[in-house]
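Welcome! Keep the 3D view open as you read.

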Amino acid sequence: MTAPASPAKVRGETILAVDDLVKHFPITRGVLLQRQVGAVRAVDGVSFALHRGETLGIVGESGCGKSTLARLLMRLETPTSGRATLEGRDLLSASGGELRRLRRNMQMVMQDPYTSLNPRMTVGDIIGEPFDIHPDAAPKGSKRGRVQELLDVVGLNPEHVNRYPHQFSGGQRQRIGIARALALRPEVIVCDEPVSALDVSIQAQVINLLEQLQDEFGLSYVFIAHDLSVVRHISDRVAVMYLGRIVEIGTEEEIYERATHPYTQALLSAVPVPDPDARDDAGIIRLTGDVPSPADPPSGCHFRTRCWKAEDICAREDPPTVPRPADPHPSACHFAALRDPPGGV
Amino acid sequence: MTESVVRPTPASPTPPGGHLLEVRDLHVEFRTGEGVAKVINGVSYHLDPGETLAVLGESGSGKSVTAQAIMGILDTPPAVIRSGQIRYRGRDLLTLPEEQRRQVRGKEIAIIFQDALSALNPVFPVGWQIGETLRHRDGMSRADARRRTVELMDLVRIPGAAGRLGDHPHQFSGGMRQRVMIAMALALNPKVLIADEPTTALDVTVQAQIMDLLADLRRDLDMAMILITHDLGVVAGVADRIAVMYAGRIVEHADVRALYRAPAHPYTKGLLASIPRLDVRGRELSTIRGLPPNLMRIPTGCPFHPRCPYARQVCVDVVPDDLVLADGRTSACHFAQEVHDDRAR
Amino acid sequence: MSDFETVAATEDQAARRGVSGEPGTPDRVGVPQRPRSLAGDAWRDLRHKPVFWISLVLVVLVAAMAAVPSLFTANDPRDCLLSRQHAAASGGAVFGYDFQGCDTYARAVYGARASLLVGALSALLTGAVALVVGMVAGYFGRWVDAVLSRVIDIVLGIPLLLAAIVLLKRVSTSSDTVRLFAVIFVLAVLGWTTAARVVRSSVITAKEQDYVAAARMLGAGNGRIMWRHILPNALAPAIVVLTIALGSFIAAEATLSFLGIGLKAPTISWGIEIDAGRVHMRESATPLVVPSAFLALTVLAFIMLGDAIRDAFDPKLR
């Protein structure tokens, strides 16, 4: 593997820009003559920018739309509306050859290492498939060599090309998935819960591998996870999602030390600290109730039904995700404020 | 990270009348077409009234199999209990006839699982499912069972319990389904509650609610609890003692605070070091190298030696005994004291 | 926890990227280290099943009988002498002679060819139709699926024998080969639906798998995804259904011939033999019982084989 980014590619410039992305899944009735009776608002107006060489963490609970967001970016789903550009090129309207070229630049590592690899293909075939699809990515005859190189890069034995996925453990399978995503030398990798299916001691190995590959190849990551500790560990910037929207976005420090959105604060306080001496049970914000259905989200602020700060305005007005007086990073709360004591988690 | 405080120890003397529940030198094998997997290799632990014991381990460590053996719900075959005792109030459950065993199950010892959705029958209303246990096992009348069901659902804090008796499992959220399962487990007033990964499938904010609920119920109903989990964070909040399992053995057994302050087994130490922490920043994750062992070919000597940074020749040759340290904890490591004191560096 | 890091630091440098390159590291909990595929697993499973071996031996025997009947009997099934009518067993004719004075055993042996040919070719044709229809319906979904599924429902609603009678009545030719293919064609046209449903549902399952999404994200087209990723994962259940169908096609041929609308003499098939034997059942039951037993055993063998293979290929049962 050779030098990642050419000198013209400046670290820190925007590589992926997402603007007001919306995905509504229609709820239909009837078999042949379907009529729409509603919509699940999985992603409901998401905007962010990913800078070259950084990791943007996206956290949220199940059903917040983070995985749908990943599928939209990877064009596995067609967005209802919105825009997204990858290095200035329109990602969402591309098709045919243009889409295939874009895909070379953006790949995904999936959550489940057991279902993301075809059980009837050897590891060599799985990692080599990108070269079959894009014959120009590897000169003729070099495919096998490239596959073995990739296996080595992700810490697997290059001799194992002829093995089948079920002969590997979960962590090793995830490495195979990472090798496949790396094959076309993309600049952006979307990681959708890449370690949540793995055992604790294996998680750390895969996280370290991802960080190392980022340094080596100048990758930019969109790192989607529900585990706040993992996200803090790997991310430069973090976006918090709730019911299809980004409610707060900022640097890792802004989110974890100076969160101003009540949901972020509650989420952070609920993370169990693996140290009985450092636990602060009194500081835990107990949210009541469950996340409302994305098919029927509350009016105004989506979080207001579980929020202890909610007032009339929250039901009437949808708070924009903009910088707030309490702290200059964007937060979608009418009453955005630091926690008391400041920064206390 | 100061010195450990001497607290009630895991090796505490047997109280008069014996422990409430005691597992003694349990050995379980799984016999499959591929060979014999030694899943449990000499596990001993005990539980006294009113306490919470956490059994911590990764997948394949045998933590859930032990619980299934206690409940008598192991699938035999392929599982075979080679030797050992499971004593409840002095009686060995393994030698009891099935009829008496059934009396213990549910009434004395109850279990809740990780996946509430598949543990509940989708075609029956939850009220009926909770009530069924009461009618069949307690011989209650329909009206009494109904009253008691509402009581139980209130107890596990399901809002509007009386109105939800007729709802089916899919109409409940993940957290609420978990509560329904807890209510079912509590129906016959068990003295011991085994919670097998009770919050793994849940979101962080809901996780906190369920752990609170379990801790409160344990105290209010004066039960003893075995909490089986892989999550070091969850354990730190509720457990009194921790038994850490690896390759079918308890490798370390200690008071919860002592264990987190200064683990005395290299595996525990590695596990604690490999999880990213929300409250500790900017640290490269250290990893435990290698993979958990193949249970059909467990390494000689100490099963952890191929992955252990402390390993020496003796670890390859000799299976370590459970060493009892000064504070009463046990560690199955030849160099337990060294590992324990190593924290000073 | 600084201590562990320092201790582990050198280890980490050495094996920074990890794990599996190390010699001696077990590859997976519970699995020996040699290449294995799903088919390999299935084979290991099947090897220990008596049902599999019994049915396989029977199928191989019948296939050999169909291919080289002279291996099994020295007598000519068409060498019939009325003087031997219902004669007892003698000289190779182990089951004696039928009404026409033909060797009952030899006729049953020679009947295997037509019966098996009908079964195998119908199953193949059925498989081809089912794969195409099931694949297209399952993969493209939406209105394509809606239309094809309704077609399947309609064909499934047609009673097989009734429709076969209506269709075959129109075949007035006396050519053996044409009749044979007419029967095959009619059975396939009416019998592909179950297999198509199975293919459709396994395609739908395979289509939702992450590895299909992964291939799509790499830029793979529909053809590649269907051929490389979906077909191999949808094939096993289809093969099993077809093995079972093969047995029932042989039975259906016998039924049609018995009813006098399938194959016709001088073709020899089990159906025809059973029909002929039935007429003179009172005088001698053997000419009826022998071909019936051949038929029953063959159908049973194929169904058992299909069943065993299905169990072996189902990862959920392992």
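In chain C of this predicted model, residues 24 or more positions apart make up 69% of the contacts that have a separation of 6 or more. Chain C holds 12 helices and 0 strands, and 42% of its 318 residues count as buried. For the model, the scores are ipTM 0.83 and pTM 0.79.

**Chain C: make-up and confidence**

- The average pLDDT of chain C is 78, and 85% of the residues reach at least 70.
- Which helix of chain C has the lowest mean pLDDT, and which the highest? Helix α1 (residues 2-14) of chain C has the lowest, at 35, while helix α9 (residues 210-217) of chain C has the highest, at 91.
- Over residues 1-35 of chain C, pLDDT stays under 50. For this stretch the model has 73 contacts beyond four places in sequence.

**Chain A: strands that pair**

- Let's begin with strand β1 (residues 14-29) of chain A, which pairs with strand β2 (residues 35-51) of chain A in the antiparallel sense over 13 bridges. Opposite Leu16(A) you will find Leu50(A), in β2(A).
- β1(A) is also joined by 5 bridges to strand β4 (residues 81-86) of chain A, and these two strands run antiparallel. Here Val22(A) has Ser81(A), in β4(A), as its bridge partner.
- Now look at strand β6 (residues 106-109) of chain A, which has 4 bridges to strand β7 (residues 188-192) of chain A, the two running parallel. In β7(A), Val190(A) is the bridge partner of Met108(A).
- Strand β6(A) is covered on both faces. Met106(A) and Met108(A) lie on one side, Gln107(A) and Val109(A) on the other, and all are buried.

**Chain A: a residue in a loop**

- Where does Asp277(A) lie? You can find Asp277(A) in the loop between α9 (262-270) and α10 (312-316) of chain A.
- Is Asp277(A) buried or exposed? Asp277(A) counts as exposed because it has 12 C-beta neighbours inside 10 Å.
- Asp277(A) and Gln107(A) are 170 residues apart along the chain, and 42 Å separate their C-alpha atoms. Gln107(A) is one of the buried residues of β6(A).

**Chain B: annotation and domains**

- UniProt, in an unreviewed entry, lists residues 23-272 of chain B under "domain: ABC transporter".
- Across residues 23-272 of chain B, the chain is 40% helix and 27% strand. The end C-alpha atoms of this span are 26 Å apart.
- Chain B is divided into domain 1 (49-71 + 96-239) and domain 2 (261-344). The centres of domain 1 of chain B and domain 2 of chain B, taken over C-alpha atoms, are 33 Å apart.

**Where chain B touches chain A**

- How many residues of chain B are in contact with chain A? There are 35 residues of chain B in contact with 33 residues of chain A.
- On the side of chain B that touches chain A, at least two residues each come from α7 (174-186), α8 (204-220), α9 (232-238), α10 (256-261) and α11 (266-274) of chain B.
- Sorted by class, that side of chain B has 16 nonpolar, 12 polar and 7 charged residues.

Note on methods. Residues are numbered from 1 along each chain as its sequence is written. Chains are lettered from A and ligands numbered from 1 in the order in which they are written. This is a predicted model: local features need pLDDT of at least 70, side-chain atom pairs count only at pLDDT 80 or more; totals for chains, interfaces and linings use all residues. UniProt positions are given in the numbering used here, feature names are shortened, and annotations may be inferred rather than shown by experiment. A residue is buried if 20 or more other C-beta atoms lie within 10 Å of its own, exposed if 12 or fewer, and partly exposed in between; C-beta atoms are placed from the backbone. Domain bounds come from an automatic or database domain assignment. pLDDT is the predictor's confidence in each residue, from 0 to 100. Two residues are in contact if their C-beta atoms, placed from the backbone, lie within 7 Å. Two strands pair if DSSP finds at least two bridges between them. Ala, Val, Leu, Ile, Met, Phe, Trp, Tyr, Cys and Pro count as nonpolar, Asp, Glu, Lys and Arg as charged, and the others, Gly among them, as polar.
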